[in-house]
Amino acid sequence: MKRTIDCGTLRKADKDRKVILNGWVHRKRDHGGISFINLRDRYGITQVVVDPGSFPGGEVPHELAAICTELRNEFCLAVEGTVRPRPDNMVNPDMPTGEVEVAAEKILILSRSDVLPFQIDDDTEAREELRLKYRYLDLRSSAMQKKMKLRNDTAFAIREYLINLGFYEIETPTFIRSTPEGARDFLVPSRLHPGQFYALPQSPQLYKQILMVSGFDKYFQLARCYRDEDSRGDRQPEHTQIDIEMSFVQRDDVLTLVEGLFGHVFKKVLNHELPKEFRRLTHEEAMENYGTDKPDLRFEMLLQDFSPFAEKSDFQAFKDSLMGGAVKALLVKGKSDFSRKQIEDLEAHAKIYKAKGLAWMKVIAGSDGARSDAALEGGVSKFFASQEKEIIEGLGAKPGDLILIVADKSRKVANISLGAVRSKLGRDLGLYETGPTENPRFEFAWIVDFPLFEFNDDENRWEAAHHMFSYPQTQYHETLEKDPGTVKGDLYDLVLNGFELASGSIRIHEADLQKRIFNIVGFDPAEAEAKFGFLTEAFKYGPPPHGGIAPGLDRLVMLMAGETSIKEVIAFPKNSFGRSLLDNGPNEVSEEQLKELHLNIVDQEKTREK
């Protein structure tokens with residue numbers, strides 16, 4: 001009873017063919033003594049019929065009838081029978097195999113199933129906790145099978161493209177020394193070296209740079225990365241990135257490579273044409289126009305500078321923000337009917353991002369209904385009575401529009417908080433399609449010219465915005481120490497539909513320049529040697545200029561699938577608390593295992609009591 005064909009292949013041309021199918025009972029129904037079984041495997045569904053008219057004497061054999069009586073969803077079966085066309089009125093156009101059925105002559109139950117915790121459907125309403133606990137059942141649905149295939153096909157297309165360009169796929173270690181990379185390390189105690197620990201890599205960053213020193217000028221791998229940080233929709237404690245590094249390149253070489261790579265992947269996997277070149281925005285343009293360095297370009301609604309109007313107004317709160325800060329406006333077209341409650345909800349969202357408040361005005365038609373006679377009403381409009389025409393024309397507003405305004409002494413806060421409102425409005429107003437669609441939109445953009453340093457107010461020091469090995473743009477080399485805040489790095493991010501999809505940079509390969517960066521971020525030579533000595537030692541031996549990038553495979557497949565959580569495209573993800581509900585990890589281990597690792601578990605509650 002070994003299968004001779006899968007459950008998604010049979011067509012009308014297979015009429016009268018003897019076949020054996022193996023699969024699971026997806027649905028079973030009985031009508032007038034005839035049993036219909038939808039048998040499913042990962043290739044599709046075939047209807048199996050146990051029909052008395054197919055047997056001598058018009059009666060189903062007793063053993064076969066008994067099996068049909070017992071069958072339930074998710075029983076695993078082997079079915080032997082003959083392919084026949086369905087009656088015209090029974091053809092199912094929604095099934096690839098919908099024109100045929102298999103008249104069963106023999107059914108073997110390979111294994112039985114308990115009552116299911118949830119029905120296996122593409123549109124299941126099962127809670128996430130149940131889906132993750134019984135992930136093996138969730139993965140049987142055709143929706144999840146398609147997403148796993150999408151991931152497989154994407155990974156294959158990536159390897160195909162890069163290897164054809166002469167890249168080597170090289171694995172880097174999973175057990176490494178702990179080095180600072182921005183998130184907490186997962187630590188692994190060493191049995192052979194008591195009191196010492198390996199770390200699981202947050203990325204292969206240092207090793208791929210060493211590979212460049214080693215002369216492998218085109219490297220990639222689908223690298224597993226581990227970061228001990230809180231989970232969210234597009235983040236997990238472990239994830240996979242498409243790690244790429246190249247020698248003797250500049251920024252545009254890396255960007256062009258990735259544009260070609262994704263063009264190949266999207267065409268081969270989704271049959272979707274991407275533009276040859278992606279849009280480019282400087283970091284400053286992204287922040288000023290969209291309030292984020294990962295803008296969703298599927299809709300416009302740009303942030304606009306409201307400062308000229310604030311400066312001439314009598315509204316002191318706005319005028320105070322102009323001293324080193326900003327007043328930014330957002331025009332929401334056709335939404336002057338927003339209620340006070342809706343505006344308050346938007347204000348609450350802005351305050352999450354440190355805004356002090358969200359001011360508003362509505363644009364109304366003049367007495368003759370003409371735009372030239374339009375006016376402002378409600379909210380803070382009384383402070384701008386003398387500038388109504390100027391504001392309406394300056395913002396490009398029309399009667400029926402809503403104006404939202406954030407003012408703050410920090411330009412960064414004004415942009416980010418109003419940008420968050422823009423993102424929320426995009427979702428709430430349906431300004432772009434969500435979920436899997438037949439014609440998805442993929443709006444890529446490069447964000448370039450990032451600041452190389454960020455000032456940490458809590459620690460009163462400069463720190464690397466990306467990492468300490470990113471190359472400062474050449475024009476800033478002479479003034480690095482004098483004014484770190486103005487220095488732009490050879491950094492670049494790739495954004496897709498509002499998600500950061502990749503981050504990369506040209507790397508520092510000059511020892512003296514690297515020492516200067518270490519000094520600016522507060523790494524003294526001894527500390528740098530202790531944490532990065534193996535890299536700086538390698539850089540004494542003729543390192544080439546090099547750079548790279550690391551797109552997230554999970555996020556890429558998530559966006560290709562029209563999903564908003566990477567849990568939907570990872571076979572066995574953790575829940576929002578970093579726990580695996582399938583095997584209930586992490587778990588306690590035996591005293592013997594702890595003893596071998598020279599570890600003791602401290603009871604924090606008892607320690608606090610003492």
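**Cores and helix packing in a predicted model**

Student: Which residues have the most contacts inside the largest nonpolar core?

Tutor: A nonpolar core is a set of buried Ala, Val, Leu, Ile, Met, Phe, Trp, Tyr and Cys residues joined through side-chain atoms within 4.5 Å. Buried means under 20% relative accessible area, exposed over 50%, and partly exposed in between (1.4 Å probe, protein chains only). The largest such core has 73 residues. Those with the most contacts inside it are Ile 244, Phe 262, Phe 266, Phe 444, Trp 446 and Leu 494.

Student: Which helix gives the most to this core?

Tutor: This is a predicted model, in which local features need pLDDT of at least 70 and side-chain atom pairs count only at pLDDT 80 or more, while totals for chains, interfaces and linings use all residues. Residues are numbered from 1 along each chain as its sequence is written, and side-chain values use heavy atoms, with hydrogens and water left out. Helices (H or I, at least four residues) and strands (E, at least two) are DSSP runs numbered from the N terminus. With eight residues, the largest contribution comes from helix H6 (residues 251-270).

Student: How many residues does the second, separate core have?

Tutor: Cys 7, Leu 77, Val 79 and Val 100 are included in this second core. Its total is 25 residues.

Student: What is the orientation of H4 to H6?

Tutor: Axes are lines fitted to C-alpha atoms, for helices over the stretch in contact, and angles run from 0 to 180 degrees between N-to-C directions. Helix H4 (residues 142-164) packs on H6 at about 135 degrees, the axes being 9 Å apart. Angles under 35 degrees count as roughly parallel, over 145 as roughly antiparallel, 65 to 115 as roughly perpendicular and the rest as oblique. H4 is therefore oblique to H6.

Student: How are H5 and H14 oriented to each other?

Tutor: The axes of helix H5 (residues 205-213) and helix H14 (residues 525-538) come within 9 Å and cross at roughly 15 degrees. The two helices, H5 and H14, are therefore roughly parallel.

Student: Which residues of H14 make the contact with H5?

Tutor: Contact means heavy atoms within 4.5 Å. H5 supplies Leu 206, Gln 209, Ile 210 and Val 213. From H14 come Phe 532, Phe 534, Leu 535 and Ala 538.

Student: Which elements do the buried residues of H15 pack against?

Tutor: In helix H15 (residues 553-560), eight of its eight residues are buried, Leu 553 and Met 560 among them. Their packing partners are H4, strand E10 (238-247), H6, strand E20 (491-496) and strand E21 (499-506).
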